[in-house]
Amino acid sequence: MKRNIAMVALPAAAAAAAALLADDFVLRFLAEILLFGIAVMSLDILIGFGGLMSLGHAALFGGAAYAAAIAARQWGGDVALVLGSGIATGMVLAALMGVVVLRSGHLFLLILTLLMGQMVWEVAFHWREVTGGADGLRGLPALSLGPWTLSTARALFLLAALLAAVAFVVGRSFVAAPIGRALVGTREEPIRMAALGYSLFAVRFRALVLAGALAGAAGALFPFVNLYVGPQSVHWTQSAAMVIMLVIGGIGSLWGAFIGSAVYLGIQTYLSAYTDRWQLCVGLVFVLTVLLLPNGIASGLRILRDRLRRRGA
Amino acid sequence: MTAILELRGVGKRFGAFSALRDVAFDVGERETVGLIGPNGAGKTTLFNVITGFLRPDEGSIRLAGQSIDGMAPAQRVARGLARTFQTAMVFPGLTARENIAMAVRQHAGDGLRWFGGARAASAAAEIAVRLLGDAGLAHRAETPLRDMSHGERRIVDALMSLALSPRLLLLDEPTAGLTRAESDRLLGILRRNHADTALLLVAHDIDIVFGHCDRVVVMELGRVIGSGTPAEVREDAEVRRAYLGSTGG
């Protein structure tokens, strides 16, 4: 019980403090971390729990971002419309991807997800009239919730924080439910799962569609936080960046995704002001994580917490 | 005796090699049938064909009077056909309780549940603990499978299949690597608590097969070369030449 209260109170307090104290630039940056964190967390459900290595996850996130931006330009920035179109796009793209890729595994799965992702990139890059081509889409209307306009950095940050909280609860309930346990089973011993009567496809397909919905929800808000969506957001290198964020944060923990995206985007945002070679630093952090904390920063924090607890006891 | 499993003219080739040729026999309801034969006789291939993991090139298979040809493994499980594998095929990172609960949930139709999953999960956990208790492993319920002995893993493996309440259970060398006492205990659990389940059992230990089975089917080089009660099979000249002779049986 105490642990549950702490789990709710700590992030809520941190979000409230940030909303009160941080300036607009930092608030937009934090919102971006949270949105990428949600997408990386949904990737964690696939990789960490299902052992399904994907290099096409940015297509779900970025595809939803395009859909939300296009819908908002057409019909206005109502939050329900924006989130709804993003979630639906993420789910549809994930379902299409699932039908094509989920009968293969390992290297083939990796390559197929990469190819599917690049097909989305091709559409985004070449369909100029709708997606703006290489220039992407700018000049989006402000988000609105009923009579309120959510255009300030603070409002967008709070919206992203709320979405992250909901996404985390949804992700956790999924992995704790029988379907989530079955997903772990398909990772650990797929043949045994088939012999127990589970359809591997049915289990993995559900996980992929859920991941699409979560990444889609995050992607939907991204253009409004970033004030722009371009083809880079669906490119396979963006998918690879998400995998790197996940490894740094910690595979299989869900909340590590947010730490990983904070570290990666922190380096990208702050170090790139000093040097063009910020990716070298990402690489260094990646290698150090893999060598010293194979289960990511999340596992390091867990070890630290247990030690402190033991010392306190 | 009504047959739960009927095999007719089942054949399977791998390239030029015939792994199974014209295999035909029945397993009756609640019957325990032993399947014996030297290495390479095709016993495991036959298991894979029956359970849908391999597609036969010819022949037909009926389960409880209905054809199951062309069905995926999961569909066959849903019709009451379960199996174990030559090596204990378990989820090593999960506890004994969770291993069995995985099977219980699937059998109850809750395997893919998300909403209302907590209730389904606790009901499944309860059944899993009871099954472990029946097998004398209640104290190991919270132990991950990777920390259990080979014999215990074998028992959990069998319990997972039993949790599906199958009408027919195919056991591929369930007693391999077990002591005689462990083997007897495992087969005792199978027969004592699950008398309605028919068993098709592959084992190399002749004493186990002849001691526990109602009938024995003998295979050699992909063919059935004899079948009957343990006493009949023991006396069969061809069986003695192919298999038993070498063991002095």
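Predicted model: local features only at pLDDT ≥ 70, side-chain atom pairs only at ≥ 80, totals over all residues.
Local features need pLDDT of at least 70 and side-chain atom pairs count only at pLDDT 80 or more, whereas totals for chains, interfaces and linings use all residues; side-chain values use heavy atoms, with hydrogens and water left out. Residues are numbered from 1 along each chain as its sequence is written, while chains are lettered from A and ligands numbered from 1 in the order in which they are written. Between chain A and chain B an area of about 2,200 Å² is buried, and the rule finds two salt bridges across this interface.

**Interface of chain A and chain B**

- Chain A contributes 25 residues to the contact and chain B contributes 27 residues, where contact means heavy atoms within 4.5 Å.
- Carbon and sulfur atoms give 68% of the buried area of about 2,200 Å²; buried area is the accessible area (1.4 Å probe) that two parts lose on being put together, summed over both.
- The interface holds 10 residue pairs in polar contact, both residues being at pLDDT 80 or more. A polar contact is a pair of N or O atoms within 3.5 Å; within protein, one must be able to donate a hydrogen and the other to accept it, and residues adjacent in sequence count only if both atoms are side-chain atoms.
- On the side of chain A that touches chain B, at least two residues each come from α7 (153–176), α8 (178–188), α9 (190–195) and α10 (200–226) of chain A. Helices (H or I, at least four residues) and strands (E, at least two) are DSSP runs, numbered from the N terminus.
- The largest share of that side of chain A, seven residues, is supplied by α8(A).
- By residue type, the side of chain A that touches chain B has 16 nonpolar, four polar and five charged residues. Here Ala, Val, Leu, Ile, Met, Phe, Trp, Tyr, Cys and Pro count as nonpolar, Asp, Glu, Lys and Arg as charged, and the others, Gly among them, as polar.
- One salt bridge joins the side chains of Arg181(A) and Glu98(B), at 3.4 Å from N to O. Arg181(A), Glu98(B) and Arg105(B) are linked in a network of salt bridges.

**Overall build of chain B**

- Chain B contains nine helices and 10 strands.
- The radius of gyration of chain B is 18 Å, which agrees with the value near 18 Å for a compact globule of 249 residues. This radius is taken over C-alpha atoms, and the globule rule is 2.2 Å times the number of residues to the power 0.38.
- Along the principal axes, the C-alpha atoms of chain B fill a box of roughly 55 × 40 × 35 Å.
- Of the 249 residues of chain B, 53% count as buried. Buried means under 20% relative accessible area, exposed over 50%, and partly exposed in between (1.4 Å probe, protein chains only).
- Among contacts in chain B between residues at least 6 apart in sequence, 67% join residues at least 24 apart.

**Salt bridges within the chains**

- Over all chains the count comes to 13 salt bridges, each being a side-chain nitrogen of Lys or Arg within 4 Å of a carboxyl oxygen of Asp or Glu.
- In chain A, Arg128(A) and Asp135(A) form a salt bridge with their closest N and O atoms 3.2 Å apart. Asp135(A) is partly exposed at 47% relative accessibility, and Arg128(A) is partly exposed at 47%.
- Arg187(A) and Glu188(A) form a salt bridge, with the closest N and O atoms 3.3 Å apart. Arg187(A) is partly exposed at 35% relative accessibility, and Glu188(A) is partly exposed at 25%.
- In chain B, Arg30(B) and Asp196(B) form a salt bridge, with the closest N and O atoms 4.0 Å apart. This pair links distant parts of the chain, 166 residues apart: Arg30(B) is in the loop between β2 (17–28) and β3 (32–36), and Asp196(B) is in the loop between α6 (180–193) and β8 (198–202).
- Arg30(B) is partly exposed, with a relative accessible area of 48%, whereas Asp196(B) is exposed at 60%.

**Selected residues of chain B**

- Thr45(B) lies in helix α1 (residues 43–50) and is buried, with a relative accessible area of 15%. Not counting residues up to four places away in sequence, Thr45(B) touches Lys12(B), Phe14(B), Ala19(B), Leu20(B) and Leu54(B).
- Glu173(B), a residue other than glycine, has a positive phi near 45°. Glu173(B) lies in the loop between β7 (168–172) and α6 of chain B and is buried at 12% relative accessibility.
- Leu221(B) also has a positive phi, near 50°. Leu221(B) lies in the loop between β9 (215–220) and β10 (223–228) of chain B and is exposed, with a relative accessible area of 55%.
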